[in-house]
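Hi,

Here is the structure I said I'd pass on.

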Amino acid sequence: MYYLIIDLLGVVSFAISGVLAALQKRLDIFGVFIIAFVTAVGGGTIRDILIGIEPVTWLQDNIYMYTIIVTVIFALIFKEKLKYLRTSLFLFDTIGIGLYTLVGVEKGMVAELSAVMCIALGTITACFGGVVRDILCNDIPVIFHREIYATACVAGATSYFLMRLLPVPDDVVFIISVVIVITIRLLAVKFKLALPSIYGKNEQ
Amino acid sequence: MYYLIIDLLGVVSFAISGVLAALQKRLDIFGVFIIAFVTAVGGGTIRDILIGIEPVTWLQDNIYMYTIIVTVIFALIFKEKLKYLRTSLFLFDTIGIGLYTLVGVEKGMVAELSAVMCIALGTITACFGGVVRDILCNDIPVIFHREIYATACVAGATSYFLMRLLPVPDDVVFIISVVIVITIRLLAVKFKLALPSIYGKNEQ
Amino acid sequence: MYYLIIDLLGVVSFAISGVLAALQKRLDIFGVFIIAFVTAVGGGTIRDILIGIEPVTWLQDNIYMYTIIVTVIFALIFKEKLKYLRTSLFLFDTIGIGLYTLVGVEKGMVAELSAVMCIALGTITACFGGVVRDILCNDIPVIFHREIYATACVAGATSYFLMRLLPVPDDVVFIISVVIVITIRLLAVKFKLALPSIYGKNEQ
């Protein structure tokens, strides 16, 4: 129950970020809903398909669809106010990627994949909803040229496997790993950290 | 047999719409064929993958591939004439989405998914071939900012489940639902109906 | 072993082509890695999903991930030199599509699909990594409007099935088919062959 609530918080947060992206593209209501939907469930869907979990998760429980419908309706009603909510949205989004990363890691472990592949699946779960959103909106995916984002997911997922070598209960390892993702992401934004550029000064 | 003929009519119609889109992008013949192919089978492929029907439908029967090859050849030979066929094409396309919607719904039911998810799968079957076409052509998918299209699919798929509560034979319910999709789409285009804009006048 | 080495040569070559594409888009290091990754494994991933081979191949063996990581690091270190390596890269890429085509064909045969579908899967394996790369980079996929590329894959895959009708050992058929893909591609580039345009002179 606790788990489902946080999971749906992630869905809500990503759905709102999808609505914000769609509003900038002047889509109709159906387009806005689709963008919100793929942003919220896209990463998990790609993960499920790569592993072979089918029907994919959101097809198996209507709660995801209903949550997204309600979120989109609220987001459209209060769209004027959303700009004042950027900080809260950023926090939701950050909590979302933290949790989604570890959910992806654990799904990989259930499928008995290697640690490296579990880390990859966690990162895909957290990040690729946004990638699909950007592709549908005809943008270059923002995670490819933005401050530390996927990197936080990789770091949190990696620390999960390192901590499991220690005598720490699994639940605690899970929670600490989520916190690591969130902390790295928050610090990166606060201190404007970014991955090193691969260009020299002259080229830019 | 009757079923297969209508199914292939949908394939033909969507393939032609793919050829028309590709011609505007000045692709070579192979590019035109690929765009036609994904437009015709893309929606059903995404549906199959989400449900877990694998190999996907078009891999299991060469008739889809052959139909698309023949259609593309004809479309390229008669491409000068295609502009005069817009009305016929629109009718084929409309019949196509009507049928594809209900095909998708029934595939979802065979997989024992909920009514809401069957409606979603029907809409995906009908609409996402066009979405993939537009992404490959580097456009924002047209269904996201066009008059009633996906909405007609949702309405027809929903009415299918409502009618099944009545003592009506399944075949009749299927046909009436297809007609509902087609009718809504025709009326929307005839009367230039569109989904309500989510922008105020000033913003546009 | 021999097989794996050539397979990884293909991965290396496609990964480098992904790095080159990403560099032009000014992505950060993570973005460059993702583009390299999808270019190298994207075609095989789509093939696996369509057939239903899940978990997909690269999830089952870390060697793909490690090879791509090392390749990207080398490519970024020596990126100034890469422009002088265009000929070598072109040769690697050409060997890559030759091998990937036949790998795809054989995966289709293991799944007991028809010859036409095996040819399609071979072509998808060889070409769709580049398609996904171009979509993520927000370009129209280059294979849709470039000289003979996918056509070489189709020709090689088709000759594979024709030669199997003759009393020739399977390994020899495999190798000759790879050589056919490579030869057609090399000749096409050397003599600047292209698929016939579907436009009249005046339209261009």
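To start with something you can check by eye: are A:Arg47 and A:Asp48 buried or exposed? Both of them are buried. Keep in mind that this is a predicted model.

That pair is also joined: the side chains of A:Arg47 and A:Asp48 form a salt bridge, with N and O 2.9 Å apart. Counting over all chains gives nine salt bridges, and I'll walk you through two others here.

In chain B, have a look at B:Arg133 and B:Asp134, whose side chains make a salt bridge at 3.1 Å from N to O. Why does B:Asp134 count as buried? Its relative accessible area is 7%, and buried means under 20%. B:Arg133 comes in at 12% relative accessibility, so this residue counts as buried too.

Now turn to chain C. There, C:Asp134 and C:Arg133 form a salt bridge, and their closest N and O atoms are 3.1 Å apart. These two residues are both buried.

Next, how do chains B and C sit relative to each other? Chain B superposes on chain C by a rotation of 120° with 0.0 Å of shift along the axis, and the RMSD is 0.0 Å. The two copies are therefore related as by a three-fold rotation axis.

One last thing, about the interfaces. Only 13% of the interface residues of chain B are interface residues in chain C as well, so the copies meet through different surfaces.

Definitions and conventions
Residues numbered from 1 in each chain as written. Chains lettered and ligands numbered in written order. Predicted model: local features only at pLDDT ≥ 70, side-chain atom pairs only at ≥ 80, totals over all residues. Heavy atoms only, no water. Salt bridge = Lys/Arg side-chain N within 4 Å of Asp/Glu carboxyl O. Buried < 20%, exposed > 50% of the residue type's maximum accessible area, 1.4 Å probe, protein only. Least-squares fit on C-alpha atoms with pLDDT ≥ 70 in both. Contact = heavy atoms within 4.5 Å.
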